[in-house]
Amino acid sequence: MAGLYVHFPFCASKCIYCDFYSRVRKDWTPYVEALLKELSDRKEFLKGVPPATLYFGGGTPSLLPVPALSRVADAVRETFGLSSCPAPNGHLPEEFTVEVNPDDVTLEKATALRAMGVSRISMGVQSFHDGHLRWMNRRHSAAQAIAAFETLRRSGFENVSIDLIFGFTGLSLPDWEADITQALALHPEHISCYQMMGRHADPDQEHCYRQYVLMQERLEAAGYLQYEISNFALPGRMSRHNSAYWARAPYLGIGAAAHSFDGNRLRCWNLADIDRYLSDRPGSSETLSDREVFEEKVMLALRTVRGLKLGDLLPEERRLLDKKALEELSRAGKLVCDGASIRIPKEELFVSDGIVARLFP
Ligand code: SF4
């Protein structure tokens, strides 16, 4: 399975926590032309495999007018001949996600996105507390986020994900629980909860851990299955696009700062610079060594609740596993090794980075 990611690096303003490449500017018309050119130039990257998933991320794709987004979606379908092979659910590609911000969602826009073939919406909500939203420099209120969600439903979207953030300075446990309660009241198909990183992160990791566990308990009790460190979904509603990243499936990323992977050893990326993207589209690449491929397989798989299937490793890669570290981590309850797979138990996922670091000293 292959995926296609398109990066739209435009935002109306910058949120204080954001590390994604985006700029506060609106010159998307030449940018869309440059995207179409890159798509045409690099269509062979996926070696003739049409993308099963398409993801418009950013930045804020929803800032662009739908006709601009539609030009890119149409070009993807034409480039890969998708219009002649309807998917079972009627969507082409099978999962087509667009990231939106609540302040951009109108009934007209949501209906136009549906008509464009978008099957899944990922909406950045982050908090249902207006004070926290203002502090983050978000452009919407909690009421706007709730109204936007209802608008998405009214326009026919049956697969909506919302993002929340925890673990920042000043977030109390009751506030976080209220965020989760409000999210559950909307009953989205998918919820992503990210821990705040960087200078706004709460240094009290015990406090963050309590928030993480509370989130796991509340979401699982409501029928959401955790499938990755930060991701929960109703049955059958996992993000296929993001799951493919953790499975090291090939993907083509187009746009400034977008990354691509050939599913084997080659990783390449465009420079994070809109102007250079418009002029000469510089980028870089790296070819992974055997050791790097092995470590990447293990690290990405251990992000997931399913974990690493030993059958997914080559015999020579299985020999590279540090048996002593595996035994120690298993004895400490940090890993579950059952002979066929290795996984991090859910209650330890919060500290998964430290566990993986012990596997690769
Ligand atoms: S809207 Fe999204 S991409 Fe833009 S600054 Fe905020 S978090 Fe980052």
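Start with both domains in view: the C-alpha centres of domain 1 and domain 2 lie 29 Å apart. To colour them, select 3-245 for domain 1 and 290-361 for domain 2; these bounds come from an automatic or database domain assignment.

Before zooming in, note that this is a predicted model, where local features need pLDDT of at least 70 and side-chain atom pairs count only at pLDDT 80 or more, while totals for chains, interfaces and linings use all residues. Residues are numbered from 1 along each chain as its sequence is written, and side-chain values use heavy atoms, with hydrogens and water left out.

Now show the contact (heavy atoms within 4.5 Å). Domain 1 brings 13 residues to it and domain 2 brings nine. About 970 Å² is buried between the two domains, 56% of it from carbon and sulfur atoms; buried area is the accessible area (1.4 Å probe) that two parts lose on being put together, summed over both.

Next, pick Y209, E228 and I229. Together they supply 44% of the area that domain 1 buries against domain 2, more than any other three residues.

Last stop: select 205-221 for α7 and 225-228 for β7, which each supply at least two residues of the side of domain 1 that touches domain 2. α7 gives the most, with six residues. Helices (H or I, at least four residues) and strands (E, at least two) are DSSP runs, numbered from the N terminus.
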